[in-house]
Amino acid sequence: MQKNIVPLLTLNNGNKIPQIGYGTYQCKGNELIDGIKYALEVGYTHIDSASCYRNGKDIRVPKREEFFITSKIAPQEQGYENTLKACKKILQDLDTTYLDLLLIHWPGSSGNKPNSPENATVRLQTYKALEQLFQEGLIKNIGVSNFLKHHLEHLLQHCKIKPVINQIEVHPLCWDQATVQFCQQQNILIEAYSPIARNDPKLIQNQNMIEISKKYNKTVAQLSLRWAIQKGFIVLPKSKTPKYIKENIEIFDFQICEDDMKAIDNLNQNYHTCWDPSTVTY
């Protein structure tokens with residue numbers, strides 16, 4: 001089977017990251033093992049996971065150095081010491097000596113209300129632990145997930161190492177332009193989770209998307225992924241079905257024209273299919 005060639009993007013520390021990753025949310029056991037095996041066959045070398053997915057023991061790759069593996073620190077694992085312990089368990093579950101990328105999964109921490117100032121305090125403690133793990137060589141790159149502009153502004157005032165990634169929900173119906181613009185200004189790459197809105201009919205059955213996709217002989221899902229790719233985002237589609245795993249990576253053989261990109265941009269409704277990080281106000 002011919003493998004797709006995936007572009008590499010350069011992070012703000014000079015390291016590289018594949019522009020498409022295989023998402024593993026809500027997938028584990030043989031289903032995940034088989035999914036990863038097929039994903040590797042068609043060209044994926046980037047796997048996105050998280051401690052709260054509880055599937056690290058099912059993620060195995062040949063030639064570890066040829067693959068980019070991400071995990072995340074859950075809200076209940078935040079805090080300096082908790083993060084160090086959580087990372088140790090993540091490494092054990094993945095049976096690896098290092099992670100390519102470790103993120104703070106959520107700007108809020110367990111036990112604190114969304115408007116509590118304690119969230120910001122715990123975030124800084126957690127990020128300090130990520131910086132320590134980076135300095136020890138256990139983590140090659142560090143970043144955040146679901147952070148909005150005000151979360152990032154606070155972090156950047158205190159951190160020693162700038163995050164390389166902000167992983168947020170992005171698809172044509174939902175992209176926070178203020179956060180995206182701020183990240184671009186700070187040279188922090190955007191990773192798009194739920195890039196096809198979990199196959200929500202509001203996207204997949206959108207008539208504008210259907211008409212544009214026909215022009216390129218692609219599916220709406222492929223059009224959505226390509227739109228994000230052309231914006232310079234990293235995409236993390238998830239599927240358990242070989243047909244769609246393959247289709248999701250077959251997005252580097254066409255180019256959406258400028259007018260069609262603008263038409264897709266105009267669909268933005270900030271419509272979240274997952275969690276809305278704006279609920280964490282502090």
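I counted the salt bridges first: the structure holds 11. I note that this is a predicted model.

**Entry: Lys 240 and Glu 31**
I looked up the salt bridge between Lys 240 and Glu 31. Their closest N and O atoms are 3.5 Å apart. The pair links distant parts of the chain, 209 residues apart. I found Lys 240 in the loop between S10 and helix H9 (242-249), and Glu 31 in helix H1 (residues 29-42). Lys 240 has a relative accessible area of 37%, so I logged it as partly exposed. Glu 31 is partly exposed too, at 40%.

**Entry: Asp 253 and Lys 218**
I then checked Asp 253 and Lys 218, whose side chains form a salt bridge at 3.0 Å, N to O. Asp 253 sits in the loop between H9 and helix H10 (258-265), and Lys 218 in the loop between helix H7 (207-215) and helix H8 (220-230); the pair therefore ties together parts 35 residues apart in sequence. Lys 218 is buried, at 17%.

**Entry: Asp 93 and Lys 89**
The side chains of Asp 93 and Lys 89 meet at 2.8 Å, N to O. About one helical turn separates them, because they are 4 residues apart in H2. Asp 93 has a relative accessible area of 16% and is buried. Lys 89 is partly exposed, at 48%.

**Entry: Thr 83 in H2**
I stayed in H2, which spans residues 80-94 and includes Thr 83. Thr 83 has 0% relative accessibility, so I logged it as buried. What does Thr 83 contact beyond its neighbours within four places in sequence? I listed Ile 73, Glu 77, Gln 78, Thr 126, Ala 129, Leu 130 and Leu 133.

**Entry: the sheet**
I traced an open sheet of 8 strands with parallel pairing. The order I wrote down is S3-S4-S5-S6-S7-S8-S9-S10. Strand S3 (22-23) and strand S10 (234-236) stand at the edges; each has a single partner strand, so one side of each lacks a neighbour in the sheet.

Strand S7 (residues 142-145) pairs with strand S8 (residues 165-169) in the parallel sense, over 2 bridges. Gln 167 in S8 is the bridge partner of Ser 145. Helix H5 (residues 177-185) packs on the sheet, where it touches S8 and strand S9 (189-193). The direction of H5 makes about 165° with that of S8.

Last, I placed H2 against the sheet. H2 lies across strand S5 (68-73) and strand S6 (101-104), and runs at about 140° to S5.

Definitions and conventions: Residues are numbered from 1 along each chain as its sequence is written. This is a predicted model: local features need pLDDT of at least 70, side-chain atom pairs count only at pLDDT 80 or more; totals for chains, interfaces and linings use all residues. Side-chain values use heavy atoms; hydrogens and water are left out. Buried means under 20% relative accessible area, exposed over 50%, partly exposed in between (1.4 Å probe, protein chains only). Contact means heavy atoms within 4.5 Å. Two strands pair if DSSP finds at least two bridges between them. Axes are lines fitted to C-alpha atoms, for helices over the stretch in contact, and angles run from 0 to 180 degrees between N-to-C directions. A salt bridge is a side-chain nitrogen of Lys or Arg within 4 Å of a carboxyl oxygen of Asp or Glu.
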